[in-house]
There are 2 protein chains.
Amino acid sequence: MSSSRPTISDVAAAAGVSRAAVSKVLRDAYGVSPRMRERVERAIAELGYRPREAARAMRTATRTIGVAVPLLRGQFFADILDGVYEELDTGPYRMLVSPFDHETSERNPGMESLWDREVEAVIVVSPKVRASWLDSFAQRLPTVVVARHDASDHYDRVVNDDRAGAALAVEHLATLGHRRITHLSHNVSGPGMLSPHAVREAGYREAMRRLGLDLSVVTCGGSEAETYRATAALLDRGDPPTALFVGSDQGAFGSLRALSEHGLRVPDDVSVVGYDDTQFASHPRFSLTTIAQYGTAMGRVAADLALERIKARTEAREWVSQPALIERESTGPARLL
Amino acid sequence: MSSSRPTISDVAAAAGVSRAAVSKVLRDAYGVSPRMRERVERAIAELGYRPREAARAMRTATRTIGVAVPLLRGQFFADILDGVYEELDTGPYRMLVSPFDHETSERNPGMESLWDREVEAVIVVSPKVRASWLDSFAQRLPTVVVARHDASDHYDRVVNDDRAGAALAVEHLATLGHRRITHLSHNVSGPGMLSPHAVREAGYREAMRRLGLDLSVVTCGGSEAETYRATAALLDRGDPPTALFVGSDQGAFGSLRALSEHGLRVPDDVSVVGYDDTQFASHPRFSLTTIAQYGTAMGRVAADLALERIKARTEAREWVSQPALIERESTGPARLL
DNA sequence: CGACTATTGTGGATCGATCTACATTTTTCA
DNA sequence: TGAAAAATGTAGATCGATCCACAATAGTCG
């Protein structure tokens, strides 16, 4: 901080060579004698020189992939980040994360900020933004959208088959004899955007109709606190369902809290199914039956798709992860009336 | 992607003015007539122009604070990120996150990457890196270190009083009549670095000695899986303690899993205390007694300290959060033999 | 030995913004 | 009316890298 950061000129002066020569050494370019390399490298080490990305970015690609994630706790997003990191770790690309506020809006500042920083591709997780904006963004910068279903010719998608996942949940409960199955949906986004939660809700409706059961949907946010309130309100209304299918594990934990406070036992009184198979779902204290969608794998795939797009590909691709029912102790036979 | 990103020259041409004029509009600088502003702004909107950060960074500060965080799940880091975001959200600064692999090493690539990108300050959470490296890094770039105790004249520290926190845990258990209290410490870092876990362990030892109790420390990683294994091994050895003080909530959840699988009830057979007061600790399924250290608040303070340093301050500051015992149902009276 | 090719190194244009210095026009007001 | 002040706009240097074009030197071989 005392003196300013050393530049390539400082290195050149210290080594007694030209700036171009130093640049060659940095880039491992052709035309560097061993003696010169040796001198330059010593100067670099002595000065503690590191090239500035900003200056490099003026002329070359940044070898960086940006990841825009909602500032939402919940294991699932962490799983995705892990996957991206794992995949890029061994290669030349680095990852840069820009969090955004998880609200529906016209633009997505997290993605824009990455664009301004010249990342070569953007992976965005569950953006709540107009489809048209997303599409036009993707026309300017290679984009991979994770956990959102809107089709587009301009970006790749990594999604779970949420329709099938919801069907798995409903069928599992129906097999156990449940007929009054309420879905706590986090499908709070506006129109013109296909969130995973919208698709899960559609899958629920479809499966319920197919089985000849009455629909019952409560819509609320996906945080633990919001599902807690929504579930508590549902229980206060009296005549509670015998089973809950909640749109996320995080949400299911909130429902479990509410059920516990209302003195209802799980699964004796009410069965609960979540979605995501996050780390805590498997904990014996929860032992939550849930739908696995393999977030880490999705993150890895997203990173691969981004690298492919940077390289050459332009036609849009879609990768669909197949959900699986993970049966645990939060579901059981329906109570007979 | 078809054509390349529009530049300030394109905007100038479209608006029929000079590049300097456009730059003035962008920066809200003096000497812009309403008519010119209008024309420039229309051209910007039509072209979808956004200034490139890299070009800006060549001449001016980036108005960005970098946050380097370990790629470790666990609520506590998420809390800190939330705090930083909240604090910066209202001002002109943006935040950029660079994750790093949570291993002890010579250098910290997450911090370096942010430095290369010209962030104005770095907040780093729990870096496992040599103290000397950290110190020399901080001499070049304003740095705030969160959750690490090593003193330094060159960076600010935001820490919890981990010694006091550990004492709270031990005293609470002792008051309940426990005498065989095992500490599951995550103090796995090498020498020459004062991690929070090292301080917690020291606090435990001190408090136990003060109370005349025998020490019992098991060292293991802080992930749920690792404490699960460590706790299971402890229980297999036979003669288990009547209380566990685990270095983190995340770790405590692993211990609870192991206890549950060994058929031990909490708190009837064994009491458990965690550290962090993460979201799940308060869930009725866990109801974990723990030490709160207020991660979100720590994140906010870290952001403030970073902004102060950017502005002017050079002398090092330390902010210590006072821990509090949150008593829940995972602790109870010691079982009489 | 001389012509041709490799090797090694450098000068300087370039990327896209910012910002100083300055020129030109407009406004103010004695 | 005219001089000073204010407002408006532009030219061009600058930041720190990359990299093309080219010069200088060394090496090869008929």
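**Exercise 1. Determine which residues of α10(A) and α11(A) meet, and describe the crossing of the two helices.**

Step 1. On the α10(A) side, the contact is made by A:E224, A:A225, A:E226, A:T227, A:Y228, A:T231, A:A232 and A:L235. Their counterparts in α11(A) are A:Q250, A:G251, A:F253, A:G254, A:S255, A:R257, A:A258 and A:L259. Contact requires C-beta atoms, placed from the backbone, within 7 Å. Helices (H or I, at least four residues) and strands (E, at least two) are DSSP runs, numbered from the N terminus.

The model is predicted: local features need pLDDT of at least 70 and side-chain atom pairs pLDDT 80 or more, while totals for chains, interfaces and linings use all residues. Residues are numbered from 1 along each chain as its sequence is written, and chains are lettered from A and ligands numbered from 1 in the order in which they are written.

Step 2. (Ala, Val, Leu, Ile, Met, Phe, Trp, Tyr, Cys and Pro are nonpolar; Asp, Glu, Lys and Arg are charged; the others, Gly among them, are polar.)

Step 3. The axes of α10 (residues 224-236) and α11 (residues 249-261) of chain A come within 7 Å and cross at roughly 45°. α10(A) is therefore oblique to α11(A). (Under 35 degrees is roughly parallel, over 145 roughly antiparallel, 65 to 115 roughly perpendicular, the rest oblique. Axes are lines fitted to C-alpha atoms, for helices over the stretch in contact; angles run from 0 to 180 degrees between N-to-C directions.)

**Exercise 2. Describe the surface near DNA strand D.**

Step 1. DNA strand D is surrounded by 26 residues, the closest being A:I8, A:A20, A:S23, B:S18 and B:M58. (Near means a C-beta atom, placed from the backbone, within 6 Å.)

Step 2. α2(A) gives the largest share of this surface, five residues.

Step 3. The classes are 12 nonpolar, six polar and eight charged residues.
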